[in-house]
Amino acid sequence: MTRTRRTLTFGLATLLSWSAAASAQQVRPYQPAFDVSDYTIALDLPDTGATISARATLSVSRALPRDTLVLDLLDLTVNGVTVDGRAVRFVRGPATIAIPLPKRSGTRVQYSVSIDYGGAVTDGLIARADSAGRWTYFGDNWPNRARHWIPSIDHPSDKATVTWRITAPATKTVLANGKLVSTRIIRGEGVERRETVWREGRRIPVYLMVIAVAPLEPFDFGETACGLAETQRCVPQSVYTAPEQHAAMPGSFARVGEIVQLFSRLVGQFPYEKLAHVQSSTRFGGMENASAIFYSDGPFRRGGTAEGTIAHEIAHQWFGDAVTEREWPHVWLSEGFATYFAALWTRAARGDSSFRSQMANIRSTILADSGAVPRRPVIDTIETDLLALLNRNSYEKGGFVLHMLRAQVGERAFFDAIRAYYAKYRHATALSDDLRAEMERTSHQNLGWFFDQWLRRPGYPEVEAAWSYDSTSRQVNVELTQGARFGAFRFPLVVGIVDSAGVTHRTTVEMTTAEGATVRMQTASTSKPMRVVLDPDVAVLARFAVTPR
Ligand SMILES: [Zn+2]
């Protein structure tokens with residue numbers, strides 16, 4: 001997703017040192033005994049207000065012997081539960097439904113579990129009247145707010161297909177994940193109602209299962225990225241806006257076809273049945289719901305959603321949506337990838353110097369951070385406030401680590417590994433070491449040190465360079481020292497000597513992890529350099545200071 005200022009608040013920093021805490025706490029699997037493979041969610045929405053009536057049917061398989069299935073559900077009233085069609089005595093807790101399972105032998109046992117429930121939704125499904133007084137309903141689940149309206153195993157490790165069966169006033173447009181299956185008018189008294197069925201045939205995490213029910217009008221791009229889609233030949237794309245914003249389309253969405261094309265070529269076929277871009281009431285700037293990206297409605301009324309936000313959310317369709325982080329501490333596999341691939345879109349659309357300046361901006365943002373970056377590693381196993389994971393580590397630093405990884409293994413090995421990682425884990429889940437294994441395979445390098453240094457340690461290198469010119473021997477001497485704040489890092493550093501004509505001469509120096517070690521470099525120069533610059537191509541995440549002697 002793309003953050004808004006509201007999501008950038010942090011809790012108090014823990015006083016534990018990162019290394020002690022990281023080793024003390026292991027991430028436990030959320031519900032290893034159960035796997036939901038499919039949700040069918042039938043929702044009856046009112047003409048106005050927030051009171052819903054619903055039935056969810058889950059296909060559940062049990063991999064370990066357990067006699068109770070525990071589903072997440074907040075707030076709403078449960079009216080009845082059946083297992084394989086028979087009513088059972090469930091226990092409603094404040095945040096869960098405990099459902100007894102009939103005894104059955106076998107190692108992998110299947111159940112069909114139906115929950116009748118309803119009441120006034122307070123979160124997850126945002127029910128509200130828009131500025132024109134029209135009632136709208138938008139799902140907004142990240143990270144674990146689906147449990148406010150969907151009885152579920154509400155964790156990214158459990159992905160499932162989903163069918164939405166939505167009954168709503170016929171005047172509203174109904175959108176959801178996947179492909180439109182059917183619509184039919186339901187005759188009755190009062191406002192005419194319509195049932196709309198959508199089906200997402202690929203497994204997605206619950207946090208991406210959404211509907212939009214609002215007076216939305218489509219701007220159609222038709223078939224895009226033909227030959228590059230996984231479930232059919234082309235990717236149908238549209239932008240859905242409130243009627244009064246329709247005339248301003250396509251605006252900054254004009255290049256969505258090219259963006260999908262670029263990422264399909266770099267990574268793999270587009271994973272879903274269509275791609276809708278929806279003006280919505282998400283609390284985030286943009287939210288990457290699988291095949292139905294929701295954008296904050298504010299920018300639609302203030303000149304348009306930024307193209308960078310659009311590219312970021314589109315990149316998530318591959319990273320986050322199709323390949324999902326199995327555990328929250330690995331959320332950089334979603335946000336870091338979306339950040340970096342949005343920069344790769346800039347490179348394709350506007351050239352290398354725009355790309356470099358975007359990477360320089362990303363680096364400045366990381367270096368300016370006083371929140372998570374100096375305190376926590378990117379893979380943060382101790383943060384329990386999931387919204388606090390939407391920080392500079394998961395986004396900007398994760399993105400910059402991919403940039404450095406690309407330089408470390410080389411262009412060819414990097415994209416070969418990205419494609420292999422995607423092909424292996426699409427419609428499933430992954431952890432950071434799964435990415436490392438693919439990078440090691442294609443590059444024939446051991447990358448444990450790289451992943452540890454950049455993802456499991458906080459901070460970044462701080463490099464000071466002192467240089468002098470010896471006019472007798474015509475040599476430039478440069479002394480490079482790493483500061484002690486975050487310890488020493490290992491990385492190649494390009495030192496640029498800018499001559500009197502303004503030409504930069506590059507020399508690569510290997511910086512090492514030897515604590516306090518100074519690296520000396522000497523290079524010939526016929527005249528005194530104008531200046532010395534470190535990392536002229538924005539390749540390393542580090543703070544640099546250069547002083548002439
Ligand atoms: Zn994102």
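The conversation below goes through some of the labels and the values behind them.

Guide: This is a predicted model, in which local features need pLDDT of at least 70, side-chain atom pairs count only at pLDDT 80 or more, and totals for chains, interfaces and linings use all residues. Residues are numbered from 1 along each chain as its sequence is written, and side-chain values use heavy atoms, with hydrogens and water left out.

Visitor: Why is His427 called buried?

Guide: Buried means under 20% relative accessible area, exposed means over 50%, and partly exposed lies in between (1.4 Å probe, protein chains only). His427 has 17% relative accessibility, so it counts as buried. His427 lies in the loop between helix H8 (411-425) and strand E22 (428-430), and its phi is positive, about 65°, although it is not a glycine.

Visitor: What makes Val538 buried?

Guide: Its relative accessible area is 9%, and Val538 is therefore buried. Val538, in the loop between strand E28 (531-534) and strand E29 (543-548), also has a positive phi, near 55°, in a residue other than glycine.

Visitor: Why do strand E5 and strand E13 stand at the edges of the sheet?

Guide: Strands are DSSP runs (E, at least two residues; helices are H or I, at least four), numbered from the N terminus, and two strands pair if DSSP finds at least two bridges between them. The open sheet has 8 strands in the order E5-E4-E8-E2-E1-E11-E14-E13, with mixed pairing. Strand E5 (86-87) and strand E13 (179-186) each have a single partner strand, so one side of each is left without a neighbour in the sheet.

Visitor: How do you know that E13 pairs with strand E14?

Guide: The two are joined by 7 bridges and run antiparallel, with Ile185 opposite Arg194 in E14.
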